[in-house]
There are 2 protein chains.
Amino acid sequence: MENEKSFAQIMDDLVSDCEYVLGKYLPDPQNMPEGEQYTSTIAEAMRYSVMAGGKRLRPLLIGRICQMYGGRRELAEPFMAAIEMIHTYSLVHDDLPAMDDDDYRRGRKTTHIVFGEGMAVLAGDALLNYAYETAAAAFSAAKTPEETARVVRALAILMRNAGIFGMIGGQCADLEAENNQEQVTGETLEYIHSHKTACLIDSGFVIGAVLAGAPEEDIQRLHRIAHDTGVAFQIQDDILDVTGDSAELGKPVGSDEEEGKVTYVTLYGLEKASADVLALSERALEEFDSLSAGDGFLRQLILKLVSRRK
Amino acid sequence: MENEKSFAQIMDDLVSDCEYVLGKYLPDPQNMPEGEQYTSTIAEAMRYSVMAGGKRLRPLLIGRICQMYGGRRELAEPFMAAIEMIHTYSLVHDDLPAMDDDDYRRGRKTTHIVFGEGMAVLAGDALLNYAYETAAAAFSAAKTPEETARVVRALAILMRNAGIFGMIGGQCADLEAENNQEQVTGETLEYIHSHKTACLIDSGFVIGAVLAGAPEEDIQRLHRIAHDTGVAFQIQDDILDVTGDSAELGKPVGSDEEEGKVTYVTLYGLEKASADVLALSERALEEFDSLSAGDGFLRQLILKLVSRRK
């Protein structure tokens with residue numbers, strides 16, 4: 001029984017499940033379709049990038065919330081794979097020399113270090129494109145016009161949250177902020193946090209509910225929960241850069257300050273930052289408790305996300 | 001009356017129409033939605049890249065073929081905008097220092113020269129993502145389940161032709177071929193031509209027909225016409241690099257040979273290359289004449305594409 005399992009055990013099971021779904025949907029470089037053997041390198045680069053580990057938070061949310069509303073797993077799976085491909089492509093491009101120029105991620109060499117810069121650009125493009133090819137496969141799992149309409153809506157949410165009015169918008173504002181630190185205000189930071197981070201979290205919270213046909217009121221609540229959780233998560237990131245333990249975090253602390261970066265903490269101080277994380281997470285949990293369906297694991301997950309130490 | 005107009009006049013009108021559609025669907029940096037002003041730079045970069053001119057061949061084909069089958073313009077427009085965004089993003093990323101490293105395209109500075117490399121990576125990503133956001137907007141124009149099903153199919157074609165089993169696959173094979181010229185065979189070249197070039201042309205020829213509900217037999221014919229036209233177009237490119245006029249082409253001739261690049265001409269010689277272009281274009285025109293609908297302008301366009309001198 002799941003309710004006898006610890007939070008960590010359920011989490012492990014869900015992460016394994018996400019890895020299974022990803023393995024199933026990603027092209028297999030060893031087994032490419034007839035005539036497509038010339039693309040096995042990029043299929044390798046895609047798999048290398050996606051299978052580099054990670055929390056699998058976004059696909060996990062889609063699958064679990066679809067289940068919470070009694071939705072059909074067949075509709076959710078393509079979206080679970082798709083959102084992790086989108087998340088991964090953004091990391092592959094972010095790591096490029098033209099962007100953050102990172103040689104390592106989660107202790108492994110980044111995609112452009114292993115496959116070369118040109119191939120990393122293409123592998124990121126390929127992941128973004130394949131994400132939508134994969135999500136659109138959900139149409140063939142839809143059995144009624146009502147389900148087709150849900151897939152149309154879920155696809156629109158997935159796309160918007162990833163695009164210029166979503167994650168890419170946040171990355172663009174972040175890139176511009178880096179070169180104009182003196183102009184960064186609280187509003188800029190709220191924009192960056194709510195777009196660069198919270199938008200993909202929003203897809204995680206909302207898409208499973210949409211696919212399952214959850215009540216409209218719940219869908220609106222899930223949007224707000226995602227925003228509050230995503231922004232709190234990001235402020236916590238800024239806090240941990242000051243107060244965290246290098247060993248636990250797996251990266252040096254104090255790097256933001258060293259780079260002269262304007263963060264939530266440098267703008268408002270540690271005390272207000274911590275208070276805001278608390279307020280945002282309380283509001284998220286309150287909304288969560290008002291949903292027409294419930295899930296103890298997810299409630300705990302929201303709490304862990306915002307109070308995490310690494 | 002259109003049939004009194006010259007080919008060039010109709011072409012001009014259709015290109016203007018494509019520019020109008022693109023202007024309508026691209027985000028307007030001067031008029032961003034409420035709260036999205038932080039993304040105006042990327043909206044500018046997107047518009048700069050797309051509005052750099054060009055033949056507008058792919059959107060023109062979608063619109064014109066949809067019309068040829070009596071389809072609804074409302075369904076075609078989002079796809080016209082989308083395919084040109086996809087074509088453009090591929091050029092923006094191709095021009096990056098990590099890829100072809102081009103500072104100029106069509107006489108204008110490339111996107112990364114004007115906006116910086118990081119922003120060019122993001123602008124390419126944004127165009128690809130926005131292409132699908134735009135195409136998916138066609139769902140709201142669909143009036144019947146039958147039309148919805150056509151949009152689903154058109155979207156799948158658009159996505160596959162752009163992805164690793166389409167254009168990106170061709171780019172990947174091309175990138176690998178560059179570093180292993182001695183291993184390039186006729187088969188490699190056929191793969192690169194049919195994927196890197198012909199796949200987006202395929203979307204151009206087929207999507208309008210699918211959206212208009214053209215007979216299945218015609219759709220299969222259009223796939224073949226697109227393949228033959230796309231491959232012939234690319235062989236003609238290789239021929240022009242040897243026999244062309246620098247002034248007409250707007251780029252130096254003989255660059256392939258200078259770079260020691262294996263092309264259709266270096267592999268098979270000029271004579272066979274020219275004969276193959278002729279055979280491919282004859283086959284394409286024969287198929288075109290067997291369609292259940294006809295369009296004199298399109299017939300002439302196919303002919304011009306493969307016999308072009310620039």
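# A tour of chains A and B

Start by selecting helix α8 (residues 167–178) and helix α9 (residues 186–212) of chain B: their axes come within 7 Å and cross at roughly 145°. Axes here are lines fitted to C-alpha atoms, for helices over the stretch in contact, with angles running from 0 to 180 degrees between N-to-C directions. Helices (H or I, at least four residues) and strands (E, at least two) are DSSP runs, numbered from the N terminus. This is a predicted model, in which local features need pLDDT of at least 70 and side-chain atom pairs count only at pLDDT 80 or more, while totals for chains, interfaces and linings use all residues. Residues are numbered from 1 along each chain as its sequence is written, chains are lettered from A and ligands numbered from 1 in the order in which they are written, and side-chain values use heavy atoms, with hydrogens and water left out.

Stay on this helix pair and show side chains. On α8(B), the residues that meet α9(B) include B:Met167, B:Gln171 and B:Asp174; among their counterparts on α9(B) are B:Tyr191, B:His195 and B:Leu200. Contact means heavy atoms within 4.5 Å.

Now select A:Phe165 and B:Tyr130. Their ring centres are 6.4 Å apart and their planes at 75°, so the pair is edge-to-face (rings of Phe, Tyr and Trp, its six-membered ring, pair if their centres lie within 6.5 Å; planes under 30 degrees apart count as stacked, over 60 as edge-to-face and the rest as tilted). A:Phe165 is in the loop between α7 (145–162) and α8 (167–178) of chain A and B:Tyr130 in helix α6 (residues 117–136) of chain B, so the pair joins two chains. Both residues are buried (under 20% relative accessible area; exposed is over 50%, partly exposed in between, with a 1.4 Å probe and protein chains only).

Finally, go to A:Arg56, in the loop between α2 (40–50) and α3 (57–68) of chain A. A:Arg56 is buried, at 1% relative accessible area. Beyond its neighbours within four places in sequence, A:Arg56 has contacts including A:Glu19, A:Met51 and A:Glu84.
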